[in-house]
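Q: Please take one part of this structure and walk me through it closely. I would like to see how its pieces pair up and what packs around them.

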Amino acid sequence: FKKLELTGSANDELVQLGNTFNSMIDILKNNFEKQQQFVSDASHELKTPLTVIESYARMLKRWGMNKPEVLEESVEAIYSESVRMKEMANQLLSLARHDMEQAVELSQADLLQLGEDVVRLIQAVHDRPITLHSEEREVGAFVDEQMMKQLMFILLDNALKYSTSPIELHMGCDDAGAFFSVNDRGIGIPQEDIPHIFDRFYRVDKARSRETGGTGLGLSIAKQIVDAHAGTIDVNSIEGAGTSFMVRIPVKTLR
Ligand code: ADP
């Protein structure tokens, strides 16, 4: 990333062109460094479950035949770490796809309908109450339906992971656009962690997040989806009391 060395007066056209070139180099360099950091973080994160799988496989090889308790513990650990790795691989793919800004397919959709679909899907697996509230009969928005469902899924899945109480999904619309919030009464997020939760691989409590199968990628994907719709995502959380994520999708979703 070699920059141009510029001499001449500031209103010289060539100097101005050179300055533009140099700022583009800065952007490229910054993106390249971010990409490198991401590859290195991703390799590190994928290595952790692999190391666990390797150690349990070694234990199985040595003692698995004679000790049923070793057999049981190892199979359980290998299974759950493989599931986590698969989840991480899927999420990494999802991030890469969105990074390349692969076609956001916008169409007129009803967020209420999408919300109902996602809640139904989750409740087929989890036996936990999720209530969907809205004063509207329809919450129209111009969105990529698959991405919107993924976004709702991520927020609801987190609410399930980090709480044991009922979860609420509120939806509505006003002149500015459509909005929805996911509210739980779970463990909450410490104030000092809030600025980082949308960063890739960031987890407040690594041990707890591992237990729940977390990868630290969900909220970064959520942010990416919201950005692709020129929307906003805000969080309100009180430790020990609960968390609320609010998403707003403006009427004009094109960037
Ligand atoms: P993870 O896969 O670890 O859940 P996310 O990117 O989805 O990763 O979330 C980042 C971190 O933010 C989580 O590890 C968790 O500590 C915190 N978090 C996210 N949602 C909630 C929530 N509803 N309640 C409490 N903490 C949450």
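Predicted model: local features only at pLDDT ≥ 70, side-chain atom pairs only at ≥ 80, totals over all residues.

## The sheet and its surroundings

A: Strand S4 (residues 167-174) and S5 are joined by seven bridges. The two strands run antiparallel. They also form a hairpin, with two residues between them.

One of its pairs links Asp184 to Thr243 in S7. In general, strands of a sheet pair through backbone hydrogen bonds, either parallel or antiparallel.

Now step back to the whole sheet. It is open and has five strands, in the order S2-S4-S5-S7-S6. Its pairing is mixed. Which strands sit at the edges? They are strand S2 (130-134) and strand S6 (232-238), and each pairs on one side only. Neighbouring strands are turned against each other by 15° on average, direction ignored.

To count as buried, a residue must have a relative accessible area under 20%.

Next, look at what lies on the sheet. Helix H3 lies across S2, S4 and S5. H3 runs at about 170° to S2. Helix H4 lies across S2, S4, S5, S6 and S7, and runs at about 20° to S5.

How do these two helices meet? The axes of H3 (residues 111-123) and H4 (residues 145-161) come within 9 Å and cross at roughly 50°. That angle makes H3 oblique to H4. Their crossing is right-handed. On the H3 side, the residues in contact include Leu114, Val118 and Leu121. On the H4 side, they include Met148, Phe153 and Leu156. By class, this contact has 11 nonpolar, one polar and three charged residues.

The axes of H2 and helix H6 (residues 218-228) come within 10 Å and cross at roughly 25°. Here H2 is roughly parallel to H6, because angles under 35 degrees count as roughly parallel. The crossing of H2 and H6 is left-handed. In H2, Gln91, Ser94, Leu95, His98 and Asp99 take part, and they meet Gly218, Ser220, Ile221, Gln224 and Ile225 in H6. This contact has three nonpolar, six polar and one charged residue.

Is Glu81 buried or exposed? Glu81 has a relative accessible area of 9%, so it counts as buried. Which residues does Glu81 touch, leaving aside its neighbours within four places in sequence? They are Pro49, Val52, Ile53 and Arg210.

Note on methods
Residues numbered from 1 in each chain as written. Heavy atoms only, no water. Buried < 20%, exposed > 50% of the residue type's maximum accessible area, 1.4 Å probe, protein only. Contact = heavy atoms within 4.5 Å. Axes fitted to C-alpha atoms, helices over the stretch in contact; angles between N-to-C directions. Helix = DSSP H or I, 4+ residues; strand = E, 2+ residues; numbered from the N terminus. Parallel < 35°, antiparallel > 145°, perpendicular 65-115°, else oblique. Left-handed = near helix turned anticlockwise from the far one by under 90°. Nonpolar A, V, L, I, M, F, W, Y, C, P; charged D, E, K, R; others polar. Pairing = 2+ DSSP bridges.
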